[in-house]
Amino acid sequence: MKVLITGKNGQLGWELCHRAPKAGVEVFAFGSSELDITQLGDVAQVFSCVKPDVVINCAAYTAVDKAESDQENAYLVNETGAVNIGNACKDIGARLLHVSTDFVFDGTKHCPYTITDTPNPLGVYGASKLAGELGIQNVLPEAVIVRTAWVYSTHGNNFVKTMLRLMQEKPQLGIVSDQIGTPTYAAGLAQWLWAVVGQGDIKGMYHWTDAGVASWYDFAVAIQELALEKGLLKQAIPILPIYAQQYPTPAKRPAFSVIDKTSAENDTGLLTVHWRKQLASMLEQLK
Ligand SMILES: NC(=O)C1=CN([C@@H]2O[C@H](COP(=O)(O)OP(=O)(O)OC[C@H]3O[C@@H](n4cnc5c(N)ncnc54)[C@H](OP(=O)(O)O)[C@@H]3O)[C@@H](O)[C@H]2O)C=CC1
Ligand SMILES: Cc1cn([C@H]2C[C@H](O)[C@@H](COP(=O)(O)OP(=O)(O)O[C@H]3O[C@@H](C)C(=O)[C@@H](O)[C@H]3O)O2)c(=O)[nH]c1=O
């Protein structure tokens with residue numbers, strides 16, 4: 001089976017490439033310089049050359065704050081690019097697995113968002129990702145769309161690596177404690193996506209993160225604790241819980257964006273692993 005991966009240099013694209021099944025799958029992976037999903041010519045050329053059976057779209061504009069002042073490019077990648085990939089899949093009869101975000105929700109709920117809850121994004125990034133979801137559903141209703149959240153990996157930039165750097169540079173940190181979600185190790189999401197590739201009957205909307213719930217503050221505290229244990233940090237610094245309004249950012253983020261993973265677990269038989277255990281695995285890899 002030929003599997004085409006877009007966004008191969010990103011966190012998820014990289015994990016997918018490094019965790020591909022050993023047999024039965026031939027991976028064709030592209031970075032933005034080889035396949036720019038906003039360029040119809042690029043998409044047509046790569047699809048006619050590879051003729052994939054399955055496409056996993058990991059390409060995205062993910063700079064949440066920058067998107068507020070760069071709306072056109074955020075929509076170009078997250079909506080137009082996603083729809084280009086959807087149309088190309090439809091044209092050749094390929095299956096599409098597309099990735100979206102918890103930031104499609106406004107965060108006003110107090111229990112996990114289900115796949116049938118109504119999105120209401122607070123910022124441009126979330127709105128452009130929602131536009132991508134809707135565009136894909138319009139051209140290819142059978143596409144798998146998986147919303148995930150707070151993704152990190154040993155590869156690429158993310159909150160874990162930012163914290164490890166700041167914990168060595170700063171005397172103390174103030175971290176937002178009134179935004180609640182679930183950290184997700186990209187390796188686990190990659191494993192779920194490969195399971196979905198292997199189960200051709202899976203279609204429609206899914207939610208997948210690691211298990212459990214945390215604030216960014218809880219996450220930062222755990223990063224410091226585990227990094228000290230593993231020798232990645234030499235000394236602890238004070239970490240203070242702060243309100244989001246004390247850490248002003250261009251984009252508003254949801255106060256609560258825990259998502260319900262029930263159908264993703266039931267339909268694949270894969271169970272989510274607690275985020276703290278996954279964080280320990282990632283930090284072990286970083287050593
Ligand atoms: N990071 C997170 O916390 C979360 C991410 N998601 C979603 O998960 C998916 C994967 O995210 P993640 O791996 O973290 O993202 P990254 O930002 O790590 O990677 C995104 C990749 O997209 C590629 N890209 C950007 N524009 C284009 C384009 N026009 N054409 C082709 N490729 C392009 C970039 O390629 P290059 O480097 O080659 O330029 C980059 O490597 C995305 O859909 C994202 O919205 C959802 C929830 C949380
Ligand atoms: C660096 C830093 C951040 N923060 C806060 C700001 C923000 O509320 C929170 C996380 O900030 P970041 O900018 O690292 O993460 P952010 O870009 O908001 O992460 C989001 O990315 C997109 C792509 C998604 O799809 C989301 O699921 C989510 O993962 O941490 C502090 O409170 N103190 C700090 O020193």
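View 1. We're looking at a predicted model, where local features need pLDDT of at least 70, side-chain atom pairs count only at pLDDT 80 or more, and totals for chains, interfaces and linings use all residues. Residues are numbered from 1 along each chain as its sequence is written, while chains are lettered from A and ligands numbered from 1 in the order in which they are written. Among the 21 residues around ligand 2, the nearest are Thr62, Val64, Thr101, Phe159 and Val176; a residue counts as near if its C-beta atom, placed from the backbone, lies within 6 Å of the molecule or strand. Helices (H or I, at least four residues) and strands (E, at least two) are DSSP runs, numbered from the N terminus.

**View 2. Ligand 1 has a shell of 28 residues.** Coming nearest to ligand 1 are Gly10, Gly31, Ser32, Ala59 and Ala60. Helix H1 (11–18), helix H3 (71–92) and E4 are the elements that hand over two or more residues, with H1 taking the largest share at three. By class, the ligand 1 shell splits into 12 nonpolar, 14 polar and two charged residues.

**View 3. Six strands line up in an open, parallel sheet.** Reading across, the order goes E2-E1-E3-E4-E5-E10. At the edges sit strand E2 (26–30) and strand E10 (204–207), each pairing on one side only. From one strand to the next, the twist averages 20° (axes are lines fitted to C-alpha atoms, and angles run from 0 to 180 degrees between N-to-C directions).

**View 4. Zooming in, strands E3 (residues 54–57) and E4 (residues 95–101) run parallel and pair over four bridges.** Two strands pair if DSSP finds at least two bridges between them. Here, Ile56 stands opposite Leu97 in E4.

**View 5. Stepping back, the protein averages a pLDDT of 98, and 100% of its residues score at least 70.** That score is the predictor's confidence in each residue, from 0 to 100. The model also comes with ipTM 0.98 and pTM 0.97. Over residues 1–286 the chain is 40% helix and 16% strand, with the end C-alpha atoms 32 Å apart.

Note on methods:
Ala, Val, Leu, Ile, Met, Phe, Trp, Tyr, Cys and Pro count as nonpolar, Asp, Glu, Lys and Arg as charged, and the others, Gly among them, as polar.
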